[in-house]
2 protein chains.
Amino acid sequence: MAPVRNAKLLFKEVPKGYPEPGKTTVYDTSDTIDLDTVALNGSILIKVLYLSADPYMRGKMRDPNTKSYSPPFTLGAPIDGFGIGKVVRSEKEGLKEGDIVSYHAMQWVEYMIPEDTSYIEKLDPLPGLSLSTYIGAIGMPGKTAYMAWKEYAKAKKGETAFVSTAAGAVGAIVVQLAKLDGMKVIASVGSDEKVQFAKEIGADVVFNYKTTDTEEVLAKEGPIDVYWDNVGGSTLDAALGNSAVLARFIECGMISGYNSGGQPVSMKNLMKIVSNQIDMHGFIVSRLFSKYNKEFNEVIPKLIKEGKIKHNEDLTKGLEFGGEALLDVQVGNNTGKKVVVVAEN
Amino acid sequence: MAPVRNAKLLFKEVPKGYPEPGKTTVYDTSDTIDLDTVALNGSILIKVLYLSADPYMRGKMRDPNTKSYSPPFTLGAPIDGFGIGKVVRSEKEGLKEGDIVSYHAMQWVEYMIPEDTSYIEKLDPLPGLSLSTYIGAIGMPGKTAYMAWKEYAKAKKGETAFVSTAAGAVGAIVVQLAKLDGMKVIASVGSDEKVQFAKEIGADVVFNYKTTDTEEVLAKEGPIDVYWDNVGGSTLDAALGNSAVLARFIECGMISGYNSGGQPVSMKNLMKIVSNQIDMHGFIVSRLFSKYNKEFNEVIPKLIKEGKIKHNEDLTKGLEFGGEALLDVQVGNNTGKKVVVVAEN
C-alpha cells in the first residue's frame, strides 16, 4: 500500500498566558507513513483514535529548564498524553491487529510506534460503552476522582463537601462519589449551562462562580468538611475561610494559576490550616494506582454502565482542532471530559 | 491568718497589632484572699508558681464574636494558659497540701481555685530538673514538638528538614528530634544570638532570617523533605518553592500573621502542594495526647535529664511583667521557652 498521511499536532512555542492554537501548537500534515512496511523493531503500530485534553497539560508547555513533576513537551515534537488506539500491526507478544490499547504517552498524531511498550495497556471495553468513556469517566479523570476520594476524603454521611469545577471531567465524578457517600455537596462551575449539569448529577447547591460570590455561598452553606480543589487561588482561600474543624483538602489542581504567568495569589485564610487542624493532600494519581486500580475496575465501569454515575463528554472531532481543545480546557469552555476524536475506529 | 494579696494580670482590651503591656493587659493588685478560710467547694487552692507565655495566646486576645479553635480571653478577667502550681489546701481526693500540679487553664494570678478539677494533673518531677522545665521542654511546647513530629514527619535518615523559629520553645526541640532521626537540619531564627543557640543544639545550617534571604538559603541547602512551620507567610511560601517531591509540612503556627490585623499574604508557590504531592497537616496538640502521652513521658524527661536534648528557658520574674512576656513571644525577643515566674515555691 502506498504511504498515507500521518498528521501531527506539534508543540511549537512556550505560551506566556493561555495556549494559542496555531502558535503554541501547529497542525502539521507534511509527514507520511507506510503502514505495511514501516519498521516496528519489536513494537506495535498504533492507529490513534481518542486523545485526552487535560488541564495539567498546560504545565508541560513550559521552558525545559523549569523543573516540575512531569517532563515538559519537546519543542518541535508532537504533544502527548493519555489516549486510546487500535493496533494495526504488532511484533509484541500478547498484542495483535485490531486490539484496543490505552497509553499514557500517546502522541497527538494519526499513527505512532511507541519506543517502549511496557506501559501499553490492552483494554477489554464493556459492550455498550463508547471507547471515549475510557478516556474520561473510566480513564485518567475517573481514576483521579475515585482514587484520591477514597484515599483522602474520609467522607462521613451528613458532612458537607465543596467541589470546584464540578462540571469538569474529574469534578463531576467527585460530586457523585460524595453523594454516594451521603454528603451534602456544594458545587461551583463556570457557566449557567454547567449549573444545570451539576444539578442533574446530584449536587445540592450549585453556583456559577463568575456571577455569584463564592465566599457568600460557602458562608451560608458551609462549613466545609471536604474540599476538592481543582482551582486554587481565591477559591481555595474562600474554602479555607469556611472550613470546618478537621477538614480535609484534596489538592488535585490549581487551574486559576496555570495561565497567569506565575502571578502570586493573595491569601487571607491560610491560618485556618492550623486553627481548624486541616489535612491537605497534594497528589499525582499514578501514586495511587497500585492501591486502587483493581477496585476501580471492579466498581466504576459497572456504575457507569448502569447509569448510577453519569458522565458527560465534550468531543472535538479532528486532530486539526486539537489546539482549540487544549485551549478549551484551560478557559473552561468544555462541559465534561474533553476528548479529541482523531478517528472513530 | 489575715488575707493576703492576690495579684492578677487582667485582659483589658483587644489589641489591633501587638499586645501592649498596661493596655491589652493590666496588672491588678486590688484583690485579696484568705488562704485559710476561702471556700473550696470540693476543689483545691493553688499557689501559682510558673506560667507559660505562648505565641498562640495572641489568638485568644480577640473579639469574642470571632470564632476560633480555643475560646477567647474574657475582657476584665485574668489571662489563662498552661501553668504549674503548688496545692495550698485540698478538698479533692488524691491531692494534698504541697503537691505540685499542672493545669492547662491556670489563671495568671497568685492564687486560684479551679471550678473543675478534672484536668488538674499531679506532677512527679524528676529530681534535678527545675519545675520550669515542666512548662517548656517537658510541658506543652515539648509535647507539641514531640507528638506532631512523631505523627507527621515520617522522618527518614539523610533527608532534609527545615525548622522555622528554631530557637523557640517548640522549634529547638524539633531541631533535636530531627537530628536524632538522622536528618540534615536547616534552621531559621530571628537574631544572631539565636543563631548561636541553634548551632549548639545541632542544626547543620542556621541563618538569621532578618539579615539573610530565606529563599536563597533554601535554594542552596534544600530541597526540603519536612518543613516545621511556626511562621507562615513568606517563609511558608519559600519552603513550598523549595520543597522536595512527597514533602511533609507540619503546620504548627503562623506567627507572621498573628499581629498583622488580618492582612492577606502573597503566595507564589501554592501549586507545589499539587506538583510535589505535599501532605500538609494543621494540628492542635491536645488531639495527639491520648496517642503519645505515655511515650512522651517515658522518652523525653530522661533525654532532657541526660542532656541529650538541650533546652533553653527565658524567665520573666514577677507576674507584674506578664504583659511584657506576652509581647516578647509575639515579637520574638525570647530565646527558648518564655516562662513567667510568679513564685519559686
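Buried means under 20% relative accessible area, exposed means over 50%, and partly exposed lies in between (1.4 Å probe, protein chains only). Helices (H or I, at least four residues) and strands (E, at least two) are DSSP runs, numbered from the N terminus.

This is a predicted model: local features need pLDDT of at least 70, side-chain atom pairs count only at pLDDT 80 or more, and totals for chains, interfaces and linings use all residues. Residues are numbered from 1 along each chain as its sequence is written, chains are lettered from A and ligands numbered from 1 in the order in which they are written, and side-chain values use heavy atoms, with hydrogens and water left out.

**Exercise 1. Helix H5 of chain A**

Task: find how many of the nine residues of H5(A) are buried, and list them.

Solution. Step 1: locate the helix, residues 233–241 of chain A. Step 2: apply the cut-off. The buried residues are A:Gly233, A:Thr235, A:Leu236, A:Asp237, A:Ala238, A:Ala239 and A:Leu240. Step 3: conclude. Seven of the nine residues are buried, so the helix is largely enclosed by the rest of the structure.

**Exercise 2. The interface**

Task: describe the contact between chain A and chain B by residues and by area.

Solution. Step 1: count residues. Contact means heavy atoms within 4.5 Å. Chain A gives 28 residues and chain B gives 28 residues. Step 2: take the area. Buried area is the accessible area (1.4 Å probe) that two parts lose on being put together, summed over both. Here it is about 2,600 Å², and carbon and sulfur atoms give 63% of it. A:Leu270, A:Val274 and A:Gln277 supply 20% of the area that chain A buries against chain B, more than any other three residues.

**Exercise 3. Polar links and elements at the interface**

Task: count the salt bridges and the polar contacts between the chains, then sort the chain A side by element and residue class.

Solution. Step 1: count salt bridges. A salt bridge is a side-chain nitrogen of Lys or Arg within 4 Å of a carboxyl oxygen of Asp or Glu. There are two between chain A and chain B. One of them joins the side chains of B:Asp279 and A:Arg287, at 3.9 Å from N to O. Step 2: count polar contacts. A polar contact is a pair of N or O atoms within 3.5 Å; within protein, one must be able to donate a hydrogen and the other to accept it, and residues adjacent in sequence count only if both atoms are side-chain atoms. Nine residue pairs across the interface qualify, both residues at pLDDT 80 or more. Step 3: list the elements. On the chain A side, those giving two or more residues are strand E14 (243–251), strand E15 (265–267), helix H6 (272–275) and strand E16 (279–282). E16(A) gives the largest share, four residues. Step 4: sort by class. Ala, Val, Leu, Ile, Met, Phe, Trp, Tyr, Cys and Pro count as nonpolar, Asp, Glu, Lys and Arg as charged, and the others, Gly among them, as polar. The chain A side divides into 17 nonpolar, seven polar and four charged residues.

**Exercise 4. Strand pairing**

Task: state how E15(A) runs against E15(B), and how E13(B) runs against E14(B).

Solution. Step 1: recall the rule. Two strands pair if DSSP finds at least two bridges between them. Step 2: cross the interface. Three bridges join E15(A) to E15(B), and the strands run antiparallel. A:Ser266 has B:Ser266 as its bridge partner. Step 3: stay within chain B. Five bridges join E13(B) to E14(B), which run parallel. B:Asp229 stands opposite B:Glu251. Seven of the nine residues of E14(B) are buried.

**Exercise 5. Backbone exceptions**

Solution. Most residues other than glycine have a negative phi, and most peptide bonds are trans. Step 2: check the peptide bonds. A:Pro223 lies in the loop between helix H4 (214–221) and strand E13 (224–229) of chain A. Step 3: check phi. A:Leu246 sits in strand E14 of chain A and is partly exposed at 40%. B:Leu246 is partly exposed at 39%.
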